[in-house]
Amino acid sequence: MAKFCFPFILFFLFHLFDNTIISTAQFKYEAPPPPLPVLPLPSFAQLLWQQREIIMFLHFGINTFTDSEWGTGKESPALFNPTHLDTRQWVEVAADTGFTLMILTAKHHDGFCLWPSRYTSHSVVGSPWEGGRGDVVKEFVLAAKERGIDVGLYLSPWDRHDKRYGHEKKYNEFYLAQLQELLTHYGDVREIWFDGAKGKNAPNMTYYFGDFFAMVKELQSSINIFSDAGPDVRWVGNEQGFAGLTCWSTINRTSLSIGNASIVEYLNSGDSKGTDWVPPECDVSIRDGWFWHKSQTPKKLSQLLEIYYNSVGRNCLLLLNVPPNSTGLISEIDAKRLKEFKTAIDTIFSSNLAENCSAKASSQRGGGKSVDFAPENVLDSDHLWSYWAPDEDDRKNQWIEITRRTGRGLRFNVVKIQEAIGLGQRIKEHKVYVDGRRVAAGTTVGYKRLHRLPAEEVNARSVRILILKSRGLPLISSIGLYFDPYWHPNQR
């Protein structure tokens, strides 16, 4: 048996070695590397945040029971008495309508805390709810964890109740202590919300935001910090849910300060020369107010779609507030509107007509020898790291075109463009042509740009994206064509 096996083994090894030589010879061509990034770049946490597209805000507290937006801080904790509070219902509504992150107002300007803080009695401890032994934050976090929903928290710097407010050192110590409670007792928090809201007659107060931010990052390294000045996510500059027609994720943080009304336009548009990656978040409520009011009803579906196109469709994330009512539940009418909203988004964007097209471009990095930067990459499902890149020498006439392969033309009225933002935001100006006719033009693209066309519908065979200006080579990761049956421009 040994004499038979030895020649067989030699024969096998010879052929294995021979095949290895042949296989190696097939790789004489060296693939071109990706282009250099254009700084600044997003962090991993920022990329994950951006891909959520829509997240939920929950304004809930004393104001829910007093028909107020800004409480005075003098309200009795006994007013907080939700008879059917069910955080699982909140999470079910969110999960069923496509939200992956929910942010709760742990403390609003009135100073009432939804958790039993050791540093104040102005909290659920003084409430008849659960006999003063309840913890809304804990119930919220546990309910979210059960459904795989991430959580965020809002802790208002302005506190109209606490007597330490106005005494700089004492109040900042108190605030940091509450911040530590929230970030050490309730598990992973994906976003922490700070704002600069403060009444005109409020005592003069300097917040130690630098200390706040440092403490947050020490306690939760993967968290995103939101404020007018970032450092991870910035306010868009208004509460209507609209970003600027030009919207850069880049900005100069040295030009930002929290609560500064003079920078809202800068926040809205960002800065093509910005040295910091601080993408904008569009906060808006499903109702007129942030807290629940019996007299209010949710926005129409058409309004929510308009907000979506002007936030997510302009390189932003949409933070949609859905306030629980005084029973402790999200109102059925709000839940129904959210379902209508999700159905509409799914109806519009579930089918990308461009997937049935072929793609060509003005040029391709590496001269077309590598598929890594081919125009066809804009038609795959990877919208971050698979992209078309033009050749380094192609600087004046950069374009990419998708064409229907066979049959009749495509029926659509929305054009989507996405950049490979993992290598930086680049496009400064672009135009969209349909069968050779210009139908849209814009400046920035970023993570996502949605163009609703001026016609109710278009029937065409080709769509060309022309890049007029960019920071370095433009890198387009996705092109989409969609039909929006809710879009009726002639009725506007």
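# Exercises: contacts, backbone and rings

A polar contact of 3.4 Å connects the side chains of His 383 and Ser 478. (Such a contact is a pair of N or O atoms within 3.5 Å; within protein, one must be able to donate a hydrogen and the other to accept it, and residues adjacent in sequence count only if both atoms are side-chain atoms.)

The model is predicted: local features need pLDDT of at least 70, side-chain atom pairs count only at pLDDT 80 or more, and totals for chains, interfaces and linings use all residues. Numbering starts from 1 along each chain as its sequence is written, and side-chain values use heavy atoms, with hydrogens and water left out.

## Exercise 1: His 383

Find the place of His 383, and say which residues it touches.

**Solution.**
- Step 1: go to the loop between strand 11 (357-361) and strand 12 (398-404); His 383 sits there. (Helices, H or I with at least four residues, and strands, E with at least two, are DSSP runs numbered from the N terminus.)
- Step 2: list the contacts (heavy atoms within 4.5 Å). Leaving out residues up to four places away in sequence, His 383 touches Lys 416, Gln 418, Glu 419, Ser 477 and Ser 478.
- Step 3: return to Ser 478. That residue is also the partner of His 383 in the 3.4 Å polar contact.
- Step 4: check the surface. His 383 has 25% relative accessibility, so it counts as partly exposed. (Under 20% relative accessible area is buried, over 50% exposed, and partly exposed lies in between, with a 1.4 Å probe and protein chains only.)
- Step 5: compare with Leu 267. It is 116 residues from His 383 along the chain, and the two C-alpha atoms are 26 Å apart.

## Exercise 2: cis bonds

What is omega for the cis peptide bond from Leu 39 to Pro 40, and for the one from Gly 230 to Pro 231?

**Solution.**
- Step 1: take Leu 39 to Pro 40. Omega is near 0°. Pro 40 lies in the loop between helix 1 (2-25) and helix 2 (44-52).
- Step 2: take Gly 230 to Pro 231. Here omega is near 15°. Pro 231 belongs to the loop between strand 5 (224-227) and strand 6 (233-235).

## Exercise 3: positive phi

Describe Glu 130 and Asp 435, two residues with positive phi.

**Solution.**
- Step 1: Glu 130 is not a glycine, yet its phi is near 55°. Look for Glu 130 in the loop between strand 2 (101-107) and helix 5 (136-147). Its relative accessible area is 45%, so Glu 130 is partly exposed.
- Step 2: Asp 435 is not a glycine either, and its phi is about 50°. Its loop runs between strand 15 (427-434) and strand 16 (437-442). With a relative accessible area of 45%, Asp 435 is partly exposed.

## Exercise 4: aromatic rings

How many aromatic pairs does a search of the whole structure find?

**Solution.**
- Step 1: the total is 31 pairs. (Rings of Phe, Tyr and Trp, its six-membered ring, pair if their centres lie within 6.5 Å; planes under 30 degrees apart are stacked, over 60 edge-to-face, the rest tilted.)
- Step 2: Phe 60 and Trp 90 are edge-to-face, 5.4 Å centre to centre with 75° between the planes. Phe 60 is in the loop between strand 1 (54-58) and helix 3 (63-66) and Trp 90 in helix 4 (residues 87-96), so the pair ties together parts 30 residues apart in sequence. Phe 60 is buried at 1% relative accessibility, and Trp 90 is buried at 0%.
- Step 3: Tyr 308 and Phe 349 are tilted, 5.9 Å centre to centre with 45° between the planes. Tyr 308 is in helix 9 (residues 301-311) and Phe 349 in helix 10, 41 residues apart. Both Tyr 308 and Phe 349 are buried.
- Step 4: find the cluster. Ring pairs join Tyr 165, Tyr 171, Phe 174, Tyr 175, Phe 194, Tyr 207, Phe 209, Phe 212 and Phe 213.
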